[in-house]
Amino acid sequence: LWQPTVPIEMAVVGVCVLLAWGMAAWLQRKAGPVSARSVLFGPRVIDGALFPLLLLALGYLARTTLAQWLPVTFFRLVMPLLVSLSAIRFGAKVLQAAFPEASTVRAIERTLSWLAWLATALWISGLLQLVLDELDDISWKVGGSTLSLRTLIDGAITASVALLVALWISSVLESWLLRSATGGALSLRK
């Protein structure tokens, strides 16, 4: 943090936060009244998944642009935090929208949050690659192929992300169909 470019990077991150907040607020006003099951929007601008996703996109764009002129150091700390914040918020909002009445959703959200912040701490400290290499060394032979613990974890993460995206899309389609169905169209609701 004592690098001479850090104040410039901090200012750029501040501009990204203000831009993401402004864009999310504008889009929320444009969308009008939002349902409680909305993934992108919440009661306030920062409550939905849109704000951290926009902030992540703007942060990535700013880091890529800034890296052409300056050595980026502060962004190496900020980007893992933004990735974790976006993953946690998106995962939590999708689970809340898909399972609004489920009591286990809160426990799953906490587990997701702890795992994301643990991965972020390992990423920032530089230990993540060492852990991944060690997980890759734990392997066994299944049939004609060799599986490693890292491969299984990568597969579980990929399947979880695909499941969250599928749940989000189904939630959007369900709310769209229910909104377009009139009060008497019970068959369309079912």
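This report describes helices, a strand pair, salt bridges and a surface patch in one predicted model.

The model is predicted: local features need pLDDT of at least 70, side-chain atom pairs count only at pLDDT 80 or more, and totals for chains, interfaces and linings use all residues. Residues are numbered from 1 along each chain as its sequence is written, and side-chain values use heavy atoms, with hydrogens and water left out.

Helices (H or I, at least four residues) and strands (E, at least two) are DSSP runs, numbered from the N terminus. Helix α2 covers residues 50–66, 17 residues in total, and reaches 24 Å from its first C-alpha to its last. That span is close to the 24 Å expected at 1.5 Å a residue, where the expected span is 1.5 Å times one less than the number of residues.

Residues are called buried under 20% relative accessible area, exposed over 50%, and partly exposed in between (1.4 Å probe, protein chains only). The buried residues of α2 are L50, F51, P52, L54, L55, L58, G59, A62 and L66. Their cover includes α1 (6–31) and α3 (74–98).

Q28 belongs to helix α1 and is buried, because its relative accessible area is 13%. Apart from neighbours within four places in sequence, Q28 is in contact (heavy atoms within 4.5 Å) with V34, F41, G42, P43, R44 and V45.

T146 in β2 is the bridge partner of K141, and L147 in β2 stands opposite W140. The hairpin has 2 residues between the strands, and G143 takes a positive phi near 65 degrees there.

**Salt bridges**

Side chains of opposite charge can pair when their charged atoms come close. A salt bridge is counted where a side-chain nitrogen of Lys or Arg lies within 4 Å of a carboxyl oxygen of Asp or Glu. The count by this rule is 2, as tabulated below.

| Salt bridge | N to O distance |
|---|---|
| R106 and E109 | 3.0 Å |
| R150 and D154 | 3.9 Å |

R106 and E109 are 3 residues apart in helix α4 (residues 105–125), so about one helical turn separates them. R106 is partly exposed, as its relative accessible area is 48%, whereas E109 is buried at 9% relative accessibility. R150 and D154 both lie in helix α6, 4 residues apart, which is about one turn of the helix. R150 is partly exposed at 22% relative accessible area, and D154 is also partly exposed, at 37%.

I153, I157, V161, V165, I169, L173, W176 and L177 make a nonpolar surface patch of about 700 Å². Patches are made of residues with over 30% relative accessible area and no salt bridge; like charges are joined within 9 Å, and nonpolar side chains (Val, Leu, Ile, Met, Phe, Trp, Tyr) within 5 Å. The accessible areas come from the Shrake-Rupley method with a 1.4 Å probe, and for residues only the protein chains shown count as cover.

L177 lies in helix α6 (residues 149–180) and counts as partly exposed, because its relative accessibility is 37%. D133 lies in helix α5 (residues 128–137) and is likewise partly exposed, at 35% relative accessibility. From C-alpha to C-alpha, D133 and L177 are 47 Å apart in space, and they are 44 residues apart in sequence.

Notes:
Two strands pair if DSSP finds at least two bridges between them.
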